[in-house]
Amino acid sequence: MKKKNVLVAGANGSTGRIIIDLLKKSEKYQPIAMVRKQEQKKHFEKENVATVLGDLEEDLNEAVKGAHKVIFAAGSGGKKVVEIDQEGAKRFTDAAKNAGAEKFVMLSSMGADNPSIGGELEDYLKAKGNADDYLQKSGLAYTIVRPGALTNEEGSGKIQLKEKLEEQESISRANVAQTLVEVLDNDVKQSQIFEILDGETPIEKAVRS
């Protein structure tokens, strides 16, 4: 079986690097790291991971060409929420559509459907919600994953997953990364949005139940 190329936007971020490592170990997928600057390529080249240059504030058609599937795990860190978290995600969506990508996996956030509860995160959540809406209307096959607050704890490989979770708790980046990779499969959570937190159900089971 030929491995499918998975392009990761935000590959150089904390969650992005975990995603790349998981894809590297995968039997089905071949990671491509999308980075913004030439010098960010070094880390991935050392790991024998293919890289492409792509800036979320510019045209991304060239960067996304040849990607079978894509994961959007980029974030502005609150500095350019409209430019990166919203418009960058939209540009990435358009480019994925133009490239004929089979699936788009979006790392969103709990609260993106109700930004007004976000306090100082309101603008960020609004941007994420707008990006999610845009993806849903794009005609692409997608899965939108909305985790709670991200921690750097070790991944347990277990989560709780619901369309809407009551609690506003946390989840390790490792568990989020594993969930994003797990839903790349065409038949898993197709065209669905769900929330996740650390929990008791093994990830591969949670996304398929």
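1. Apart from neighbours within four places in sequence, Asn 5 is in contact (heavy atoms within 4.5 Å) with Gln 30, Ile 32, Gly 66, Ala 67, His 68 and Lys 69. This is a predicted model, in which local features need pLDDT of at least 70 and side-chain atom pairs pLDDT 80 or more, while totals for chains, interfaces and linings use all residues. Residues are numbered from 1 along each chain as its sequence is written, and side-chain values use heavy atoms, without hydrogens and water.

2. Asn 5 sits in strand β1 (residues 4-9); strands are DSSP runs of E, at least two residues, and helices runs of H or I, at least four, numbered from the N terminus. A polar atom of the Asn 5 side chain lies 3.3 Å from the backbone oxygen of Gly 66. Between Asn 5 and Lys 28, 23 residues apart in sequence, the C-alpha distance is 8.9 Å.

3. The largest pocket holds about 1,100 Å³ of space. A pocket here is an open set of points on a 1 Å grid over the protein atoms alone, where a 1.4 Å probe fits, with protein on both sides within 12 Å along at least five of seven lines; lining residues have an atom within 4 Å of a point. Its lining has 47 residues, and Ala 74, Gly 75, Ser 76, Gly 77 and Asp 85 are the closest to the centre. Helix α5 gives the most to this lining, with four residues.

4. The second largest pocket holds about 180 Å³. Lys 28 is one of its lining residues, which also include Tyr 29, Glu 204 and Arg 208. Helix α6 (residues 173-182) supplies the largest share, three residues.

Methods: Polar contact = N/O pair within 3.5 Å; in protein donor to acceptor, adjacent residues only side chain to side chain. Points joined across faces, edges and corners; volume = space filled by probe spheres on them.
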